[in-house]
Amino acid sequence: MNTQLRRWIEWIVLAMVAVRPSLDVFTDAVLLPAPLRLNPASFLGLALIGLGAIWFFLLTKEERDSILKQPITIALIFWLLALLLWAIIPFVKHGAERLAGMREWIRLLSYLPLYAILFHLAIKGNSKRILHVLFISLILPTVVGYYQILFHQGAMIKGVHRITGTFVHPNPFSFYIVLMMGITYWKLRWSAQRIFWGAVLLVELGLLLSTFSFTGAAMFGVLLFGCALGEKRAIRLAAVGILIVFALGFVVTNTGWQRLIDESKMESLDEVERTGKETTSLIWRLLNWRFLIRTWSDSPWVGYGLATSSQINPMKNPEGVGSDPHNDYIRYLAETGVVGAVFWIALLIAVGVGIRQAIRKAQTAETRNFAWVTLALYGAWLIGGVNDNLITATAYQFSLWAVFALAVGLSQTEAAIPQPQIEAHA
């Protein structure tokens with residue numbers, strides 16, 4: 001009975017990975033009113049936490065130990081436990097007006113059972129299932145994205161048409177597409193069906209281009225650079241060619257050219273702050289960070305509490321709410337102070353070390369290459385977090401932690417198998 005229930009939970013979690021990138025379109029479909037504001041995506045996160053708890057206690061002691069002794073799992077648990085202080089203390093002190101911090105912590109908590117369950121599936125030899133659901137998750141966003149391209153739908157941002165797919169904004173859609181391009185490249189690299197996977201990669205390239213996201217473009221550049229390192233000369237040349245095609249595609253379109261012209265305008269931050277005039281997204285971000293750092297300086301060590309940016313940021317959006325930081329590092333600096341920012345950096349380092357260990361443990365070239373692509377995606381995450389809200393892009397984060405779990409699980413499985421058996425299997 002326990003084994004059957006575990007399998008059901010694992011299948012449900014795989015289904016969650018498949019559908020999560022399509023749920024952001026229902027963000028405004030509120031199932032419960034404020035202050036809870038439960039929508040389909042947040043309901044899925046709560047369900048994942050509950051199912052994950054049940055699943056964990058159905059494991060054998062040996063299985064639990066294999067998960068809890070994994071470095072990334074340890075780092076994620078310690079980070080979440082530390083971060084709980086910045087969620088619960090403001091809530092206890094201020095009541096419902098600080099409930100957003102608890103909601104944010106619960107959202108972040110959902111990454112833990114997701115990683116643990118998928119890591120367990122990977123070490124049990126079910127890695128193909130994880131890959132399959134990741135590619136299934138791409139279908140609906142792709143269909144919607146190309147519908148928006150063909151019929152000029154999506155979002156008009158400062159007079160520029162940009163597609164959003166099933167996401168709430170072009171930027172998180174671009175993060176997700178970059179991630180999917182990484183694992184598509186790996187399939188192209190090792191599959192016998194190279195024409196098919198090459199076509200998928202071109203489809204994804206068209207979607208990324210149509211988001212006209214500078215953050216997505218930067219992450220794509222990091223991904224290409226990371227994938228090309230250590231590869232044959234032909235693959236490095238192909239990476240350069242793809243980057244040139246992408247850059248030309250960006251420049252020759254009216255939308256891309258207009259974005260480049262707009263963003264190249266440099267203005268004085270002091271002048272923009274004094275007049276409150278509308279400016280480019282780059283200048284807006286710099287000014288936004290300036291305001292947040294000023295606010296942080298009044299509480300430098302512990303910040304103001306998790307998810308308080310909307311309350312403490314003097315830079316207001318049209319609704320009069322404080323703007324998102326658009327920088328994950330400044331977010332945790334302002335919300336959790338120097339102490340919390342150190343915990344955040346420690347988590348990032350631990351994840352990087354875990355992926356690097358996966359590269360070293362991999363016994364086959366195919367698995368090692370997947371871990372290397374994962375390291376490139378990790379680098380893209382770090383760079384993207386400098387310019388946008390990647391930690392709060394939940395659909396992207398679900399896919400990212402799935403890839404982390406798959407890479408580490410695959411390598412750990414190979415490390416436990418005697419070398420002659422691996423070579424025979426390969």
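Okay, let's start with two helices: α7 and α18 run roughly antiparallel to each other, because the angle between them is over 145 degrees. Just so you know, this is a predicted model.

The actual angle is about 160°, and the two axes sit 10 Å apart. If you want to find them, α7 covers residues 127-150 and α18 covers residues 394-415. Their crossing is left-handed.

So who is touching whom? From α7 we have Ser127, Ile130, Leu131 and Leu134. On the α18 side, the contact is made by Ser399, Ala402, Val403, Leu406 and Leu410. Sort those by class and you get seven nonpolar residues, two polar ones and no charged ones.

Next up, helix α12, which is residues 254-263. Which of its residues are buried? Those would be Gly256, Arg259 and Glu263. Now look down the axis of α12: the buried residues fall within an arc of 60°, so they line one face of the helix. And what do they pack against? The partners are β2 (160-162), α10 (214-228), α11 (233-252) and α14.

Let's hop over to α14, then, which spans residues 281-296 and holds leucine 282. Is leucine 282 buried or partly exposed? Its relative accessibility is 33%, so leucine 282 counts as partly exposed, as that value lies between the 20% and 50% cut-offs.

One last thing on leucine 282: compare its position with arginine 129. Along the sequence they're 153 residues apart, and in space their C-alpha atoms are 40 Å apart.

That's my tour, thanks!

How values were computed: Residues numbered from 1 in each chain as written. Predicted model: local features only at pLDDT ≥ 70, side-chain atom pairs only at ≥ 80, totals over all residues. Heavy atoms only, no water. Axes fitted to C-alpha atoms, helices over the stretch in contact; angles between N-to-C directions. Helix = DSSP H or I, 4+ residues; strand = E, 2+ residues; numbered from the N terminus. Parallel < 35°, antiparallel > 145°, perpendicular 65-115°, else oblique. Left-handed = near helix turned anticlockwise from the far one by under 90°. Contact = heavy atoms within 4.5 Å. Nonpolar A, V, L, I, M, F, W, Y, C, P; charged D, E, K, R; others polar. Buried < 20%, exposed > 50% of the residue type's maximum accessible area, 1.4 Å probe, protein only. Arc of directions from axis to C-beta.
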